[in-house]
Amino acid sequence: MAILSELATEVVIPVAAAIGIAFAVVQWVLVSRVKLSPAAAGGGKNGGYGDYLIEEEEGLNDHNVVVKCAEIQNAISEGATSFLFTEYQYVGVFMSIFAVVIFLFLGSVEGFSTKSQPCTYSKDKYCKPALFNALFSTVAFLLGAITSLVSGFLGMKIATYANARTTLEARKGVGKAFITAFRSGAVMGFLLASSGLVVLYIAINVFKLYYVDDWEGLFESITGYGLGGSSMALFGRVGGGIYTKAADVGADLVGKVERNIPEDDPRNPAVIADNVGDNVGDIAGMGSDLFGSYAESSCAALVVASISSFGINHDFTAMCFPLLVSSVGIIVCLITTLFATDFFEIKAVKEIEPALKKQLIISTALMTVGIAIISWLALPAKFTIFNFGAQKEVTNWGLFFCVAIGLWAGLIIGFVTEYYTSNAYSPVQDVADSCRTGAATNVIFGLALGYKSVIIPIFAIAVSIYVSFSIAAMYGIAVAALGMLSTIATGLAIDAYGPISDNAGGIAEMAGMSHRIRERTDALDAAGNTTAAIGKGFAIGSAALVSLALFGAFVSRAGVKVVDVLSPKVFIGLIVGAMLPYWFSAMTMKSVGSAALKMVEEVRRQFNTIPGLMEGTGKPDYATCVKISTDASIKEMIPPGALVMLTPLIVGTLFGVETLSGVLAGALVSGVQIAISASNTGGAWDNAKKYIEAGASEHARSLGPKGSDCHKAAVIGDTIGDPLKDTSGPSLNILIKLMAVESLVFAPFFATHGGLLFKYF
């Protein structure tokens, strides 16, 4: 038996979640001490803030700046809130319909009977009727969906609360601004990690009241939680991504390239829409996405464990190992966050990126120790894991290696991503250099960089799959994915920090602050771009592992003995599955393109028709641009979403489980490659542009100031990269996971009624 008792497990998990939530609240209180009302923001001792402004603004009365910042922040917050409410109305309708589909499909497995059935894996025992499994799966789906939406919404609220405060803090120096932005990111990271854990934990305990000893049925119905989380993430990512990039591309092409005005200039009509977009796409979308990954990797591990010795012997502590890993992760991330905000202070611009990198290294190192302790305490010395029909003997140290290898693979993917997307290293500098000869060479270099950046992450994923599968079969892969996501609170803090800094720079520009302030926020933003790329790397790497684990669980549940690539049924699935990421990317790219087209036309129209707009005497009509982005993204998010959600249902029902297993394998293999290359290409183009704009080195200055031909070529590259890195790339990892988890949830139906076409032809 494990050293940790069942009672201790029942206490540790909710306590860790409560600590995480409390820490988030403390960070939020600290951020809110930066005042946004003119009276308290002056240089004096009032408002509890004794820092004198280190530099008085040149020629600008303090009072006006604060009022202006507050106004802009309000506009961004209102835009983001109204968009998310509109999006959630549509998503709510979808959620209700899909919940009914889950209930009807799963209920029909045994013809809606309420009699107990022989268990799937232990034929000698009786399990709860399929009708109740259908009901509980539906409830779990709704729980996951609602938690996912709330995570995204809270993240957006925190980000829009912190952006202007970061701008005001930048007047006191780059260190203060960094801490404000990072703390706000931490609020989101800890809220999301803790709420995801606590909701899952409560769901398991409530479902247990009905299922009692039938753990097989209990954890099978819990997989609905992962499905709910990811299906909402898909719409959040695609909808938010289309919104943000339509505005971004429109603002850049007309503002920077045609009119030669700076980024985030208040004269640009698309500027508010662009800043709103950062919050709904990069923050709300990313939050839902990582929550989905976390929910699914936990569900995949629980499903496999429930049919292994943990589940058969009803060992609750060992069964909760995935939840205990996440609990330790919250405590580790809490200590790690203090390193950035309290133990070390950032004094110069060049210390920003190293500080964020240290976050990754510290959290990984501490987490390795944490996993070792929890593996020793929570797991029996020897146990068996379900391995496609057989039981495989595993030791607790073996499982420790599985989690640790996922954790370190995540760090490797993070560093490789940083190397390829940060302008401190040669790959991005080469891309910037290629702008000398125009946009075409920039695009060629950028694409090559993206394809090349796939190599090491794929080897890292491959090694972790081989090692963890050899040690503990499919359960090993599921916990490796969990290892990669165990430091999710730090990962999200680093990730949310980016868009907050980006917004802070926009607010500084719109409020007319001095160029020195803008330089500081730009430095924060450039580091944020790299960290956003690292966050996407983590999301994609974990998605690959998660979907493989779910795929294994699906194959076992659907009763497929072996997936034979040479069988025509499987091969047609494989080749079609590999095509899906391309189809999906085509849809999302085209959506951004057509929305950006409308935006460009509208921005041009305003510049040409509103008198005095370029001189700064006329006011642009921001609302129309916000409306264009909102309408486009709501309309355009439905087809890609439908493609992902309907594919497993159609393939499973018409062609059966063998073809579906081919489709899942194909989508996994091709989706990971496209996702990594797309997000790194986009990140590199963006930072190549920032490298030229900052002019920090001799080489960067030789490429010209803002507005030079070189810079214009870089802006074009950045604009092409926008939908790649913020719409298609990050949505693909959801496509891979979502199809796998959906197949697992519907596996009982496909195993019983699937393959209609092959039955009759």
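This is a predicted model: local features need pLDDT of at least 70, side-chain atom pairs count only at pLDDT 80 or more; totals for chains, interfaces and linings use all residues.
The largest nonpolar core comprises 225 residues. Within this core, the residues with the most contacts are Phe 178, Phe 321, Ile 352, Tyr 475 and Phe 554. Helix H4, spanning residues 174–211, gives the most to the core, contributing 20 residues.

Ser 194 is located in helix H4. Its relative accessibility is 0%, so Ser 194 counts as buried. Apart from neighbours within four places in sequence, the contacts of Ser 194 are Ala 17, Gly 20, Ile 21 and Ile 330.

Helix H11 covers residues 396–421 and contains 26 residues. From the first C-alpha to the last, H11 reaches 38 Å, which is close to the 38 Å expected at 1.5 Å a residue. Of its 26 residues, 19 are buried, and H11 is therefore largely enclosed by the rest of the structure.

The aromatic pairs number 33. One of them is formed by Phe 178 and Tyr 497, with an edge-to-face arrangement, a centre-to-centre distance of 5.5 Å and an angle of 65° between the planes. Phe 178 belongs to helix H4 and Tyr 497 to helix H15 (residues 488–510), so this pair ties together parts that are 319 residues apart in sequence. Both Phe 178 and Tyr 497 are buried. The pair of Phe 746 and Phe 750 is tilted, at 6.2 Å centre to centre and 35° between the planes. Phe 746 is buried, with a relative accessible area of 0%, and Phe 750 also counts as buried, at 2% relative accessibility. Phe 746 and Phe 750 are part of a cluster linked by ring pairs, together with Phe 94, Phe 98, Phe 105, Phe 141, Phe 235 and Phe 749.

Arg 165 lies over the face of Tyr 161, 3.9 Å from the ring centre. Lys 358 lies over the face of Phe 344, at 5.8 Å from the ring centre.

Key:
Residues are numbered from 1 along each chain as its sequence is written. Side-chain values use heavy atoms; hydrogens and water are left out. Helices (H or I, at least four residues) and strands (E, at least two) are DSSP runs, numbered from the N terminus. The expected span of a helix is 1.5 Å times one less than its number of residues. Buried means under 20% relative accessible area, exposed over 50%, partly exposed in between (1.4 Å probe, protein chains only). A nonpolar core is a set of buried Ala, Val, Leu, Ile, Met, Phe, Trp, Tyr and Cys residues joined through side-chain atoms within 4.5 Å. Contact means heavy atoms within 4.5 Å. Rings of Phe, Tyr and Trp (its six-membered ring) pair if their centres lie within 6.5 Å; planes under 30 degrees apart count as stacked, over 60 as edge-to-face and the rest as tilted. A charge sits over a ring if NZ of Lys or CZ of Arg is within 6 Å of the ring centre and within 35 degrees of the ring normal.
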